[in-house]
Amino acid sequence: MSDEINDLVRQRIEKIEQYRQKGINPYPSRYRRTHAAEQAKGEFKENEKPQVSVAGRLRSKRVMGKASFAHLEDQSGTVQLYARRDDMGGESYDLFKSLDLGDIVGIAGFVFKTNQGEISIHVEKLTLLAKCIRPLPSVKEKDGVLFDEFADREMRYRQRYVDLIVTPKTRQDFIMRSRIITGMREFLTHRGYIEVETPMMQAIPGGAAARPFITHHNALDIDLYLRIAPELYLKRLLVGGFEKVFELNRNFRNEGISTRHNPEFTMLELYEAYADYETMMQIAEEMVSELAAKLLGSMKLEYQGSMIDLAPPWQRASFVELIKKYSGIDFASIASVDEARRAAESIGIKAPGKMGKWEIAGEVFEEKVEPNLVQPVFVTDYPRELSPLSKSREDDPDFVERFEIFIAGREMSNAFSELNDPFDQKARFEDQVRKREAGDDEAQMMDYDYINALEYGMPPAGGMGIGIDRLVMLFVDTASIKDTILFPLLRPEGK
């Protein structure tokens, strides 16, 4: 902290002591307000003096002798305040003049219109509700553009509470996030889905290829894992007779941090009995495009300089076709792992020796294909080797009924026609176990209870997961996932 800020903090603490000496409590227990700022302005009537009581943070102040102007801000917006010594009394007016930007105050008075035509509140009573000891970052506006905001991006993430105070777009972005989640919930419940909750601590992590976080339960003396996905529990509910279920869930994966990855993230997962991946395509198209139309006013949006059109129908293209188109490699005609490795290396992609043919294809897809998938596209027909929980195609068992949605060069969703054959599922789990024993710590573990559930019979079903954080990135036009998570994981300061 700079010496200048230290001095300001000391001055504000001294004010608190002065207030206490005068019998003013700078942190009272409660305040009853009657209106939000925008509501108060809506009470204005010509030739009347409607009484209101508002509360919020002081964002500007201009003292002019015996009269002063200020702006108070709450979640609804801002309202101008007009304070005059003759109306408030000397002691109360002196308190008003001593306030600092950032202080939280309660204001009682009447609504009127100034000579300049701005609807304002004529202050009759002032209550200090919380003294802001630390000065807020400077925010200036010129020609409608904010600049010199909370400029240190890392500090914006570390002190999100300050970022929310001084950066209007941050507040609006997280309101948008909330509305997206609410919209998804409404979309699914309207279609007969029920919302459920499944365990976050699991004895066997499953449902995705990821490294889990490990914890320990003292009373049971067992290791547990923070879930990497709720999938296997949600499909147990299909076995139990629930035909349409969804969960808006937090998942945890012990992986790297980047502009697209946070170890703790939010997913929507849904499963529907007697459906398939074609059903999931329809749901995804309708849900995302309707959300855009409702929340953004259009199915077209600008993202990082590109215009994205979310209007259905979205393009469909197979995994193998896209790799051939953008890399020139036809993996369908490659017979051996060595040949696949040589082909990948010929275009600058290294493939570790433990990788299989289709895992190498997955690396090629990530490097050469994904950046080109700007408009919405369903990538279909993934290899069975990359999809341990998806039902094989009847016409070609080496490929599965699976799609991933890509928009703006990143994966947004993953969906299957769900595998419900307990014998096939057990064989795939055993293959995953062999990979895990060979050193792949993201391979899945054997889950005998899940096999047991399938042996009771799970109906044919479609299932889908949608990454909430990445969808919000698209809707609010940000390149970093940290801008969509209120408190992203960061390395502790000083390390």
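Aspartate 424 is buried, with a relative accessible area of 16%, where buried means under 20% relative accessible area, exposed over 50% and partly exposed in between (1.4 Å probe, protein chains only). The model is a predicted one, in which local features need pLDDT of at least 70 and side-chain atom pairs count only at pLDDT 80 or more, whereas totals for chains, interfaces and linings use all residues. Residues are numbered from 1 along each chain as its sequence is written, and side-chain values use heavy atoms, with hydrogens and water left out.

The place of aspartate 424 is in helix H13 (residues 422-437); helices (H or I, at least four residues) and strands (E, at least two) are DSSP runs, numbered from the N terminus. Aspartate 424 forms a salt bridge with arginine 428, the closest N and O atoms being 3.1 Å apart, a salt bridge being a side-chain nitrogen of Lys or Arg within 4 Å of a carboxyl oxygen of Asp or Glu. Both residues lie in helix H13, 4 residues apart, or about one turn of the helix, and arginine 428 is also buried, with a relative accessible area of 5%. Not counting residues up to four places away in sequence, aspartate 424 touches Arg384 and Leu419, with contact taken as heavy atoms within 4.5 Å.

## Other salt bridges

Side chains of opposite charge can pair when their charged atoms come close. A search of the whole structure finds 39 salt bridges. One of them joins the side chains of arginine 59 and glutamate 73 at 2.7 Å, N to O, and this pair links distant parts of the chain, with arginine 59 in strand E1 (residues 51-64) and glutamate 73 in strand E2 (residues 67-74), 14 residues apart. Arginine 59 counts as partly exposed at 25% relative accessibility, while glutamate 73 counts as buried at 17%.

Within helix H5 (residues 153-158), arginine 158 and glutamate 154 are 4 residues apart and therefore separated by about one helical turn; their side chains meet in a salt bridge of 2.8 Å, N to O. Glutamate 154 counts as partly exposed, at 41% relative accessibility. Elsewhere, a network of salt bridges links Arg12, Lys15, Asp100, Asp103 and Lys131.

## Nonpolar cores

In soluble globular proteins, nonpolar side chains tend to be buried together. A nonpolar core is here a set of buried Ala, Val, Leu, Ile, Met, Phe, Trp, Tyr and Cys residues joined through side-chain atoms within 4.5 Å. The largest such core has 44 residues, of which Leu268, Leu310, Leu474 and Phe475 touch the most other members, and helix H9 (residues 277-296) supplies the largest share of this core, 9 residues. A second, separate core of 27 residues includes Leu322, Ala340, Ala344 and Met355.

Leaving aside neighbours within four places in sequence, leucine 268 has contacts that include Met184, Leu188, Phe246, Met287 and Ile468. Isoleucine 121, found in strand E5 (residues 119-130), is buried with a relative accessible area of 0%. Beyond four places in sequence, isoleucine 121 touches residues including Val52, Val79, Tyr82, Phe110 and Phe112; the C-alpha atoms of isoleucine 121 and phenylalanine 429, 308 residues apart along the chain, are separated by 68 Å.

## Aromatic pairs

Rings of Phe, Tyr and Trp (its six-membered ring) pair if their centres lie within 6.5 Å, with planes under 30 degrees apart counted as stacked, over 60 as edge-to-face and the rest as tilted. By this rule the count comes to 11 aromatic pairs. Phenylalanine 319 and tyrosine 382 form a tilted pair, 4.9 Å centre to centre with 35 degrees between the planes, which links helix H10 (residues 319-327) to the loop between strand E17 (377-380) and strand E18 (402-407), across 63 residues. Phenylalanine 319 is buried at 1% relative accessibility, as is tyrosine 382 at 3%.

The ring centres of tryptophan 358 and phenylalanine 399 are 5.5 Å apart and their planes lie at 70 degrees, so this pair is edge-to-face. Tryptophan 358 is in helix H12 (residues 357-369) and phenylalanine 399 in the loop between E17 and E18, 41 residues apart. Phe69, Tyr82, Phe110 and Phe112 form one aromatic cluster.

## Exposed positions

Proline 371, in the loop between H12 and E17, is exposed, with a relative accessible area of 52%. Leaving aside neighbours within four places in sequence, proline 371 is in contact with Glu366 and Gly409.

Phenylalanine 487 is found in the segment after helix H15 (468-476) and is exposed, with a relative accessible area of 58%.
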